[in-house]
Number of protein chains: 2
Amino acid sequence: MSFNRIAIIGLGLLGGSIGLAVREYLPDSVTTGFDSDPQTRKRAAERGLVTTVCETAAEAVANADLVIFCVPPGAMGRAAADVADALPADALVSDVGSCKVSIAEALGKALPGHTVIPAHPVAGTENSGPDAGFASLFRNRWCIVTPPEPTDLLKLTALVEFWEALGANVEIMDAEHHDLVLAVTSHLPHLIAYTIVGTASDLEDVTQSEVIKYSAGGFRDFTRIAASDPTMWRDVFLSNKDAVLTMLQRFSEDLSALQRAIRVGDGDALFEQFSHTRAIRRSIIEEGQDDARPDFGRGDHDGSAAGD
Amino acid sequence: MSFNRIAIIGLGLLGGSIGLAVREYLPDSVTTGFDSDPQTRKRAAERGLVTTVCETAAEAVANADLVIFCVPPGAMGRAAADVADALPADALVSDVGSCKVSIAEALGKALPGHTVIPAHPVAGTENSGPDAGFASLFRNRWCIVTPPEPTDLLKLTALVEFWEALGANVEIMDAEHHDLVLAVTSHLPHLIAYTIVGTASDLEDVTQSEVIKYSAGGFRDFTRIAASDPTMWRDVFLSNKDAVLTMLQRFSEDLSALQRAIRVGDGDALFEQFSHTRAIRRSIIEEGQDDARPDFGRGDHDGSAAGD
């Protein structure tokens, strides 16, 4: 089996990118889409994010064989409840949220009797809204699928093939472990970035204009992810509270250790820690998850000197 | 007056970039260079980072009218002492270090009677060593000059013009304030990045391979600056201890507040903080200190959708 009528609920960065990717890589499939914001629906129609933009969510799912919820984690339950009466019995329900335990629960509760297989494409940019999506967002990125036990294997296979068609590499994982892994690789980095940008913008002795001017010293990298969608990230932290707090605790311990090393002037401890972290970057580049050009290739130099 | 014979002590990312930039933008000037590592000297000669690579630091400075120390902050004093006997009385002594109070003190102590005007070009990449430099590193970046009181105004003007010729915008600041500003915009971000990359690589319940695979969720941005030169950064934290610890304290307080908001489920507090930080990013892009393309333009999409 494969999906030919795909409903996308929520037409922001992720929903829009799925629509554009289906048009590009699965041209035989038809997409319907809905967004609760009329302005977003209008822009989605103008950009052709889906074949048909519908005026209600119920209308969007009415003939679907795959429904993907692309709304913030905290809005999943309500969005699902809105389509409960219109959803075909056979349709597979999935999503793209960053936390899987709470979303699986919310979708299951709102749509009893339906097959729900959550998924999370680990891809995104700092932009959000109907103008932010693009067809290649998922290429060479990982998509983590978290099927419940027991699961409908036929539908699971079709979902895996769907994401592979969009260019992603698929990994199967249980929802609890997903939430722990993403707490480290995504949620904690966002929390830290939001914090440091907040700290820097609220000092008495250093002006905001100085922070902006001298941001090339490292700070500007943090501002990119701290520009991500606030609603979505509020929901992520509320939905994955336990794993985030666990990882934050580890981070705080490690930061205290470095703070102590600075205070007592323990240069060896600092050097050892700072040497240790280079290997990880090398692996990330080797596995194609980041750009090897210095500075990510931004700026006007060609970076060739650094590679030889 | 202007500088025609420039000695560069230390031929890594910064020293090498100055040499290449002088060749490109000040073609009438001659550069001499020295590095304590014979391998670096060899590579510097192969790449033509300076007009002449010398076998001793004394030889490099013997005819210079400007000497720029481009070694890690902790090595400044020793590097300066090594040239004390050979340094022409009229030569201006400067540097490129990230902390100015301690370096000004070290250079002044090692070279009594000489004019020292420290400087700090706020530019760099995660790469280091003689292969990392490139001529355009300083273009459209800020260079902060921290003259002592009183200062030699003629030499100060010549130093400002030198950096402007290399493409930088120059700002004059006192050394103490510089150290506080950079503690926020550069030192703290590096410390945080080193910490989180260390935390993520040392978990029992999430493997290193998982961290690498799913790094596109935000983590990978931190690994870039955590790949910076460990020796230099060890010295920065030891040299700018007080300002770094002050900023770290503020950061920790702000992080505790967000941690509490997550624990008690205060979504409004999270949303407010996360909305607040977008404006800073916008200003950094407007002022040309970062790339407006989503994801810094890395990846294979053209990003055009996000701009309209």
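1. In chain A, 72% of the contacts with a separation of 6 or more are between residues 24 or more positions apart. Two residues are in contact here if their C-beta atoms, placed from the backbone, lie within 7 Å. The model is predicted: local features need pLDDT of at least 70 and side-chain atom pairs count only at pLDDT 80 or more, while totals for chains, interfaces and linings use all residues. Residues are numbered from 1 along each chain as its sequence is written, and chains are lettered from A and ligands numbered from 1 in the order in which they are written.

2. Chain A contains 14 helices and 9 strands; helices (H or I, at least four residues) and strands (E, at least two) are DSSP runs, numbered from the N terminus. Chain A is as compact as a globular protein of 308 residues, because its radius of gyration of 21 Å is close to the 19 Å of the globule rule. That radius is taken over C-alpha atoms, and the rule is 2.2 Å times the number of residues to the power 0.38. Along the principal axes, the C-alpha atoms of chain A fill a box of roughly 65 × 45 × 40 Å.

3. Of the 308 residues of chain A, 59% count as buried. A residue is buried if 20 or more other C-beta atoms, placed from the backbone, lie within 10 Å of its own.

4. Chain A is divided into domain 1 (5–174) and domain 2 (177–293), with bounds from an automatic or database domain assignment. The centres of these domains, taken over C-alpha atoms, are separated by 29 Å. Their contact takes 16 residues from domain 1 of chain A and 18 residues from domain 2 of chain A. The domain 1 side has 6 nonpolar, 7 polar and 3 charged residues. Nonpolar covers Ala, Val, Leu, Ile, Met, Phe, Trp, Tyr, Cys and Pro; charged covers Asp, Glu, Lys and Arg; the others, Gly among them, are polar.

5. Between the chains, 99 residues of chain A are in contact with 99 residues of chain B. Several helices of chain A each supply at least two residues to this side, including helix 7 (175–200) and helix 11 (241–264). Helix 7 of chain A gives the most, with 18 residues. The side of chain A that touches chain B divides into 48 nonpolar, 27 polar and 24 charged residues.

6. A rotation of 180° with 0.0 Å of shift along its axis superposes chain A on chain B (RMSD 0.0 Å). This is the relation of a two-fold axis. The superposition is by least squares on the C-alpha atoms of residues with pLDDT of at least 70 in both copies. The copies meet through the same surface, because 100% of the interface residues of chain A are also interface residues in chain B.

Technical notes
A residue is buried if 20 or more other C-beta atoms lie within 10 Å of its own, exposed if 12 or fewer, and partly exposed in between; C-beta atoms are placed from the backbone.
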